[in-house]
Every structure is written in structure tokens, then in C-alpha cells.
Amino acid sequence: MKKDKEKVLDEVWTESRVREFLDSEPKVGTNRDFHALLKAYQSMRADDFELFIGMFLEAGRDLNATDKSGRTVLSYAKEHRNSGEHVAALESKGAV
């Protein structure tokens, strides 16, 4: 059986593609800033994520937004063993 979609590796992320994540819509009851930041973290390589964080902050968004459990994206990222560059990008911009 053939998969519907093939995994794309090393996709080129343009600035406009990165910027699209600012408009991602959360489920009802989910913090908009947390949702956008989490989706970007889950989808982007570290360099693209760092670019996104700059755009995110320029738009006046909250880097320390939390989910329903009171956790930030930084707290989730710190649990992943290969997230060092993402964590560094968040911390360098003031995430706690």
C-alpha cells in the first residue's frame, strides 16, 4: 500500500511561509499565541524557528503564552533531546 503523502525533507522555507504560522488558528479555548508558537516549533528547523520568533515578537505576541496546563512552549521543548537549538532560540529572545 502506498502512502498518500511522502515526507518532505529539507523543505525550503521562505519568509512568507514562515510568516504564515502567525495566522494559525487554535481550537476553541486554546491560547492563540501558544498555539502558533507550538506549531512553529513542531514544524520548523531551528533557523526558520528563530526567524519566526522574531516575526512573532514584532507582531506583539507573547513568547511565554501557556496552554491549559500552564506550560509554555519552552517547557515542552526542553523535554525533547534534539531541541537544543530551538530552546536556545526561545531563551535568547526572553522565553522563561
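Visitor: Which pattern does the chain follow when read along the sequence?
Guide: This is a predicted model, in which local features need pLDDT of at least 70 and side-chain atom pairs count only at pLDDT 80 or more, while totals for chains, interfaces and linings use all residues. Residues are numbered from 1 along each chain as its sequence is written, and side-chain values use heavy atoms, without hydrogens or water. The chain has five helices and zero strands, taken as DSSP runs numbered from the N terminus (helices: H or I, at least four residues; strands: E, at least two). Read along the sequence, the pattern is α-α-α-α-α.

Visitor: What is the angle between the planes of Phe 52 and Phe 56?
Guide: A search of the whole structure finds four aromatic pairs. Phe 52 and Phe 56 form one that is tilted, at 5.5 Å centre to centre; rings of Phe, Tyr and Trp (its six-membered ring) pair if their centres lie within 6.5 Å, with planes under 30 degrees apart counted as stacked, over 60 as edge-to-face and the rest as tilted. Both residues lie in helix 3 (residues 46-58), four residues apart.

Visitor: Which residue lies over the face of Tyr 76?
Guide: A charge sits over a ring if NZ of Lys or CZ of Arg is within 6 Å of the ring centre and within 35 degrees of the ring normal. Arg 17 lies over the face of Trp 13, at 4.6 Å from the ring centre. Over the face of Tyr 76, at 3.8 Å from the ring centre, lies Arg 71.
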